[in-house]
Amino acid sequence: SMMGAQPKFLSCGFMIEEGLSFKELEEIVKTMSNELNKIGAKIVCGDTKVVPKGSVDKIFINTSGIGEIKKDNISAHNLEIGDIVLVNGDIGRHGSIIMANRYDVETEATTDCKVLWDEVNALIEADINIKALRDATRGGISAVLNEWVKASGVGIDVNEENLPISDEVVGLCEIFGFEPMDLANEGTFIVAVDKKDSEKALEVLKKFNQNANIIGE
């Protein structure tokens with residue numbers, strides 16, 4: 001999706017620790033099926049290995065995907081002075097909820113994990129001039145913005161007041177001493193667009209998440 005391609009086919013490899021309950025495995029596989037059905041993608045090949053207890057942490061899943069390009073020339077090298085940077089929703093939820101669960105901290109926060117193709121496709125169909133796209137996973141949005149700066153050779157000014165961050169994430173970051181911009185996301189992406197398309201792009205993204213916002217230039 002982040003390369004402007006509609007997801008079509010996935011490979012999927014499982015490494016399962018001896019002793020994992022069938023119920024847990026079934027829940028994971030059913031969830032994968034439900035998410036893929038939302039966009040019509042399919043798992044077409046894969047492999048399963050059961051390894052001795054202690055070799056992996058319950059289950060490792062490795063996937064790779066092939067998509068059909070709907071919009072080409074999306075690259076971090078495309079950024080130019082005047083381009084506008086938007087985020088499709090609030091940030092830091094996935095990383096904070098993982099930490100909360102790991103350290104048994106009660107919270108009402110939930111992960112942002114979701115399929116992203118519908119939002120990207122809506123931008124494409126609205127004829128938005130998309131310069132760059134990236135899901136803000138490992139390293140959060142700060143890592144993405146730094147990669148874009150290095151790739152394109154232009155600086156990015158971020159308006160911190162425009163960063164959408166939930167109260168739950170702010171609270172967890174205060175507990176753990178982390179910065180929301182550095183935390184992993186799973187359903188959050190950053191998009192850079194031509195300035196003339198910025199308001200239109202924001203309008204499209206807000207149809208999916210009211211927390212979408214323009215965060216920089």
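Predicted model: local features only at pLDDT ≥ 70, side-chain atom pairs only at ≥ 80, totals over all residues.
Mentor: Residues are numbered from 1 along each chain as its sequence is written, and side-chain values use heavy atoms, with hydrogens and water left out.

Trainee: Why is the aromatic pair of Tyr 103 and Phe 176 called tilted?

Mentor: Rings of Phe, Tyr and Trp (its six-membered ring) pair if their centres lie within 6.5 Å, and planes under 30 degrees apart count as stacked, over 60 as edge-to-face and the rest as tilted. Tyr 103 and Phe 176 are 5.8 Å apart centre to centre with 45 degrees between the planes, and the pair is therefore tilted. A search of the whole structure finds one aromatic pair.

Trainee: What makes this pair a tie between parts 73 residues apart in sequence?

Mentor: Tyr 103 lies in the loop between helix H2 (93-102) and helix H3 (117-125), whereas Phe 176 belongs to helix H5 (residues 167-176), so the pair ties those parts together; helices (H or I, at least four residues) and strands (E, at least two) are DSSP runs, numbered from the N terminus.

Trainee: How do you know whether Tyr 103 counts as buried or exposed?

Mentor: Buried means under 20% relative accessible area, exposed over 50%, and partly exposed in between (1.4 Å probe, protein chains only). Tyr 103 has 53% relative accessibility and therefore counts as exposed, whereas Phe 176, with a relative accessible area of 21%, is partly exposed.

Trainee: What makes the phi of Asp 104 worth a remark?

Mentor: Most residues other than glycine have a negative phi. Asp 104, in the loop between H2 and H3, has a positive phi near 55 degrees, and its relative accessible area of 70% makes it exposed. Asp 127, in the loop between H3 and E5, also has a positive phi, of about 60 degrees, although it is not a glycine.

Trainee: Which residues touch the most other members of the largest nonpolar core?

Mentor: A nonpolar core is a set of buried Ala, Val, Leu, Ile, Met, Phe, Trp, Tyr and Cys residues joined through side-chain atoms within 4.5 Å. Of the 27 residues in the largest one, those touching the most other members are Leu 86, Leu 123, Ile 130, Leu 133, Phe 189 and Val 191, and H3 gives the most to this core, with five residues.
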